[in-house]
Each structure stands twice: as structure tokens, then as C-alpha cells.
Amino acid sequence: MTVKHIPATPGYSLAQPYVDGLLHCLIRFQTCGACGRAQTLAHDACQHCGAEQLSWSDSAGLGTVHAVTVVGRAPSEAFRPLAPYTLVIVTLDEGARVMGHASPGIKIGDRVVAGFFDHLGQTLIRFEVAPD
Ligand SMILES: [Zn+2]
């Protein structure tokens, strides 16, 4: 049996548009050209219908908190200085879900707006309660 090995293209990442968006303080998501639904982070096919016609868009950064957790023990040395910290999964108004840091006390159902902060050279998302 022959196993065909397909080498990865050096420097290519499916998530590159998402990562580049964060550097410009933008949350980017994929929209399916076939069914019109939105998804994050980066996939090579639509998670809803399997179509491969995906395009990237910039989110307005507004959404609703879907889930909240408080991390008491950071998973790595890099995040230890931040602990304890709040993580949320937010359903963006465009329909895609994204994970980010959040202000302490944020609750499921809260309307939030995305902000950004730098942690050890990496741009991370921090959600705050949106003003009315
Ligand atoms: Zn689709």
C-alpha cells in the first residue's frame, strides 16, 4: 500500500485571515456561499452543509454571551499571570460563535462588544458589556 503524503505549504494556515484580522482589531468569520450561514474559526468546508465556497468577512464586534467560564488554573505558563480570568463564547450578531476573554461578572445573555488586548505579543479578544 502506498501512502500519499501531501506536504503542508510552508507558512500557510487556514486561519491566517482570522489571525490577520486580530492584528487589525477585527474579528473575521467565514460565510458559506451555498447556505449563507456563518462560522468560525477556519474550516475548509461549511460546517452546516459541506459546501466549499467560503468567504471571509469582518464582524461588527457585537454579540450575545452564549457561555461563560472562569479559569482559575491557567492551562499554560503564558496565561498564568492572567488567572483567574473569565472566558466566554459569544454568538456574534452575524451568526458565528467566537471565544474570548471577558470582564469579570459577565453573564449568559449579556449583550457584549469586542475589544482587544495584547498578551505577550499576541492579540486577544476581550468582551465587555455593550452600552445600551
Ligand atoms: Zn453551507
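Where does Cys25 lie? Cys25 sits in the loop between helix H1 (16-23) and strand E1 (28-32). Helices (H or I, at least four residues) and strands (E, at least two) are DSSP runs, numbered from the N terminus.

## Basis

This is a predicted model, in which local features need pLDDT of at least 70, side-chain atom pairs count only at pLDDT 80 or more, and totals for chains, interfaces and linings use all residues. Residues are numbered from 1 along each chain as its sequence is written.

## The barrel

Five strands form a closed barrel in the order E4-E5-E6-E8-E7, with mixed pairing. Neighbouring strands of this sheet are turned by 45° against each other on average, direction ignored. Axes here are lines fitted to C-alpha atoms, for helices over the stretch in contact, and angles run from 0 to 180 degrees between N-to-C directions. Two strands count as paired if DSSP finds at least two bridges between them. Strands of a sheet pair through backbone hydrogen bonds, either parallel or antiparallel.

E5 and E6 are antiparallel, over six bridges. Ile89 has Met99 in E6 as its bridge partner. The two strands E5 and E6 form a hairpin with four residues between them. Gly95, in the turn, has a positive phi of about 110°. E6 and E8 run parallel and are joined by two bridges. His101 is bridged to Arg126 in E8. Strand E4 (residues 62-71) pairs with strand E7 (residues 111-119) in the antiparallel sense, over three bridges. Thr64 has Arg111 in E7 as its bridge partner.

## The core

The largest nonpolar core has 12 residues, among them Ile27, Phe29, Val88, Val90, Val112 and Phe127. Strand E5 (85-92), strand E6 (97-102) and E7 each supply at least two residues of this core. E5 gives the most, with three. A nonpolar core is a set of buried Ala, Val, Leu, Ile, Met, Phe, Trp, Tyr and Cys residues joined through C-beta atoms within 7 Å. A residue is buried if 20 or more other C-beta atoms lie within 10 Å of its own, exposed if 12 or fewer, and partly exposed in between, with C-beta atoms placed from the backbone. In soluble globular proteins, nonpolar side chains tend to be buried together.

Val90 belongs to strand E5. Val90 counts as buried because it has 29 C-beta neighbours inside 10 Å. Leaving aside neighbours within four places in sequence, Val90 is in contact with residues including Gly63, Val65, Val98, Val112 and Phe127. Contact requires C-beta atoms, placed from the backbone, within 7 Å. Val112 touches Val90, Ile106 and Phe127, among others, not counting residues up to four places away in sequence.

## Backbone exceptions

Most residues other than glycine have a negative phi, and most peptide bonds are trans. Cys25 has a positive phi, near 55°. Cys25 is partly exposed, because 13 other C-beta atoms lie within 10 Å.

Leu120 also has a positive phi, near 55°. Its place is in the loop between E7 and strand E8 (122-129). Leu120 is exposed, because 8 other C-beta atoms lie within 10 Å. The peptide bond from Ala83 to Pro84 is cis, with omega near -5°. Pro84 is in the loop between E4 and E5.

Notes: Two residues are in contact if their C-beta atoms, placed from the backbone, lie within 7 Å.
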